[in-house]
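Please open the structure in your viewer and keep the selection tool at hand. The tour below goes from stop to stop, saying what to select and what is there.

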Amino acid sequence: MDEKDRQIIRALQRNSRMTNQDLAAEVNLSPSPCLRRVKLLEQSGALKGYTAEVDAEAYGLPVTVFVRVSLTGHTAKVVQQFEEQISRVDQVLECFVMTGNSDYLLRVVVADLSDYEDFVRKRLHPIGGIGSIDSSFVYGVVKRTGVFPILN
């Protein structure tokens, strides 16, 4: 991947709905080579897809919670069970494997505190193998971006 590919990716991260004409103009290419590069980025898997950014509050899920989960053990069975089951929980938007005090960090969206309690009791606890759950509620957002930084 070269710098021109990175320019294309950053432009698409800012606005994935732009036309190829607009994209080509922004990255200083003619339309045909620009489209060829986009197709190659898609085929290589560097561009994984195109999505809509939705306001969670307007959607009805105004509460974001970061949940740190530690497992009781780290056998292949316990880890596989947790990862398979957590991947099927709709409220979990992201699940990261972590170093440090927790094994996983989840980004969860819910309607309210009661909904979060239901999530913990009915979706997390039944998974089993969980030693601890530590929750932090988001009360404001300072920065949110999906645009990667420029590489030096």
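Predicted model: local features only at pLDDT ≥ 70, side-chain atom pairs only at ≥ 80, totals over all residues.

Next, select helix H1, which has 12 residues and spans 17 Å from its first C-alpha to its last, close to the 16 Å expected at 1.5 Å a residue. At the start of this helix, look for Asp 2, where a side-chain oxygen comes to within 3.2 Å of the backbone nitrogen of Lys 4. Now colour the buried residues of H1, which are Asp 5, Ile 8, Ile 9, Ala 11 and Leu 12. If you turn the view until you look down the axis of H1, these buried residues fall within an arc of 165 degrees, and so they line one face of the helix. What they pack against is H2 and H3.

Stay with Asp 5, which belongs to helix H1, residues 3–14. Asp 5 counts as buried because its relative accessibility is 12%, which is under the 20% cut-off. Setting aside residues up to four places away in sequence, Asp 5 touches Arg 37 and Leu 41.

From there, move to the loop between helix H2 (20–26) and helix H3 (31–44), and select Asn 28 within it. Most residues other than glycine have a negative phi. Asn 28, however, has a positive phi, near 65 degrees. Asn 28 is also exposed, with a relative accessible area of 67%.

The last stop is the largest nonpolar core, a group of 19 residues in which Leu 106, Phe 119 and Leu 124 touch the most other members. Strand S1 (63–71), helix H5 (76–86), strand S3 (104–110) and helix H6 (113–124) each supply at least two residues of this core, and the largest share, 5 residues, comes from S1. Centre the view on Leu 106 and show its contacts: leaving aside neighbours within four places in sequence, these include Val 65, Phe 66, Val 67 and Val 69, as well as Ile 86, Cys 95 and Leu 124. Finally, select Ala 11, Met 18, Leu 23 and Ala 24, which are among the 12 residues of a second, separate core.

Notes. Residues numbered from 1 in each chain as written. Heavy atoms only, no water. Helix = DSSP H or I, 4+ residues; strand = E, 2+ residues; numbered from the N terminus. Buried < 20%, exposed > 50% of the residue type's maximum accessible area, 1.4 Å probe, protein only. Contact = heavy atoms within 4.5 Å. Core = buried A, V, L, I, M, F, W, Y, C linked by side-chain atoms within 4.5 Å. Expected span 1.5 Å × (residues − 1). Arc of directions from axis to C-beta. Polar contact = N/O pair within 3.5 Å; in protein donor to acceptor, adjacent residues only side chain to side chain.
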